[in-house]
Amino acid sequence: MDPSVSIGPAHWAYLAGVLVIILTMAFRANVVVPSILATVVVAFAWSGSAITGIGSIFSASMVAAKELFNIFLIIALMTALLNALKDLGSDIRMVKPFRAVMKNGHVAYFILALVTYLISLFFWPTPAVPLVAAVLLPAAIAAGLPPIAGAMAIAIAGQGMALSSDYVIGVAPGISAKAAGGISAVAVADKALLLSWVVGMIALFLSYFKVRKLIVPSDNALLERWELNPVGINAQIEGAGAFDKAEIAKGTAHDSDLGTNSELEAELRKTQPLASASKLFAVVTPLAFLVVILVMVAPKFTTAVPELKGGDAAMLIGGVAALLMIWATTAARGFRKMLDGAADHVTDGFVFAFKAMGAVLPIAGFFFIGSHETAGPILGIAAGQPVPDLLFELVKASQHLIPDSQLLVSFGVLLMGMITGIDGSGFAGLPLTGTLSGALGPASGMDVSALAALGQMGAVWTGGGTLIAWSSLIAVAGFARVNVLELARALLVPVVLGLIAAVFTAVALWGS
């Protein structure tokens with residue numbers, strides 16, 4: 001070890017905590033309790049005070065909540081907007097036109113992927129999957145696409161590409177950037193977007209070549225046979241045990257089947273008195289967010305548009321979502337009922353946000369104690385006093401053991417992300433991969449934001465819903481009426497090859 005770095009009991013306690021959390025994830029167990037206990041041990045080892053140790057349970061989660069609350073807020077507002085659109089039937093109208101172009105299974109495969117990707121970018125895959133599965137998947141199956149192929153397209157585009165970059169909502173880049181030591185979330189998001197395209201395009205086309213021979217001529221009998229398949233989402237969840245994201249996806253689904261055109265029209269007739277408003281918001285909503293995206297990316301090409309800094313992008317997206325939600329709720333319920341309706345949508349949005357992300361707070365709290373930027377408030381250190389930087393000091397002390405290869409370090413961060421994704425969450429491991437990236441980046445000469453994006457790829461593609469059968473892949477398999485283990489096996493090789501390609505891409509573009 002480097003003799004210039006003083007390693008004490010708190011460092012060893014932090015390292016032990018990291019290893020215990022990784023091991024717990026590997027055994028598919030929840031890591032909230034190990035994270036809380038590890039935080040107590042580290043705080044006590046550093047301070048020697050039992051009060052500081054016990055108090056760190058609260059202070060660590062409190063610091064994490066302060067750092068990450070913008071993430072919960074934007075999820076809540078986007079979910080509130082989706083619920084408001086659902087009241088109008090606008091969510092169905094946004095995707096309904098794509099049914100008409102599904103002339104055969106080959107076209108249907110790529111249409112499914114495209115629409116899933118676009119909707120998941122703005123509303124996350126969990127609410128998007130029931131909508132796409134209800135409106136587009138039946139049409140794709142009638143066009144001759146096998147259900148397993150449809151499920152693969154939805155999982156890769158939504159749970160993989162859209163969620164791993166999380167470019168619009170910005171939850172994943174925000175967690176990764178904060179854990180890496182306050183680097184720009186925009187920098188992480190930009191790199192994650194490119195890497196998600198690399199992984200996604202490879203996985204999509206490899207999967208297509210795997211299933212293309214199974215595509216048959218269009219026939220409505222295919223849809224009838226598929227609807228009789230008993231392996232639906234209820235069976236999937238009961239067979240695998242309760243899983244929060246799959247249950248949430250089930251809860252955001254439409255009440256009735258939308259497989260045939262007549263069923264779809266029957267659902268839209270429920271909002272017939274609001275047809276004009278329904279059609280309006282089906283157009284206005286995607287256009288509004290298209291403008292937001294243009295504002296976000298324009299500074300990269302012109303100086304005429306000011307660059308959005310820090311949380312400005314999240315503020316803009318959240319503000320647009322809130323205004324659209326209020327407008328849509330007014331159109332659906334009238335002004336007086338809008339006051340209560342909009343409040344209900346926001347409340348439901350926060351319930352969704354905390355169900356999906358609440359467990360991340362104590363986990364992030366433990367990893368934040370390892371960074372000098374966030375450790376002070378957790379340990380009760382007064383302003384101006386020296387703050388420990390536990391993980392960075394551990395890495396510096398063992399720098400001679402780190403391979404002098406950016407490729408190996410990049411593969412190591414990716415693999416760590418994949419290991420943390422084994423628990424089936426996808427986001428729970430981001431505090432760890434972000435923290436490791438912040439420590440290993442300077443030591444290896446690799447761009448920290450690129451390493452954080454790679455760790456994000458590994459964690460989200462694995463646990464977010466493409467490789468792990470007990471993840472929210474259950475929801476995809478359930479709505480597609482295919483076996484979840486069969487789906488996970490089919491995705492394994494295409495996704496892993498895509499992730500390997502992402503590592504080489506990152507090193508080539510952002511290595512020194």
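Modeller: The bend at a residue is the angle between axes fitted to the seven residues ending there and the seven starting there. The model is predicted, with local features needing pLDDT of at least 70 and side-chain atom pairs pLDDT 80 or more, while totals for chains, interfaces and linings use all residues. Numbering starts from 1 along each chain as its sequence is written, and side-chain values use heavy atoms, without hydrogens or water.

Colleague: Where does α24 bend, and by how much?

Modeller: At L492, by about 40°. A proline, P494, follows within four residues.

Colleague: How many helices and strands does the protein chain have?

Modeller: There are 24 helices and 0 strands, taken as DSSP runs (H or I, at least four residues; E, at least two) numbered from the N terminus.

Colleague: And how much of the chain is buried?

Modeller: Buried residues (under 20% relative accessible area, 1.4 Å probe, protein chains only) make up 57% of the 512.

Colleague: Which residues touch the most other members of the largest nonpolar core?

Modeller: Such a core joins buried Ala, Val, Leu, Ile, Met, Phe, Trp, Tyr and Cys through side-chain atoms within 4.5 Å. Of its 168 residues here, Y14, I75, L112, M357, F427 and L487 do. Helix α3 (residues 50-88) gives the most, with 16 residues.

Colleague: What is L112 in contact with, beyond four places in sequence?

Modeller: Counting heavy atoms within 4.5 Å as contact, its partners include M102, V132, L136 and I154.

Note on methods. Buried < 20%, exposed > 50% of the residue type's maximum accessible area, 1.4 Å probe, protein only.
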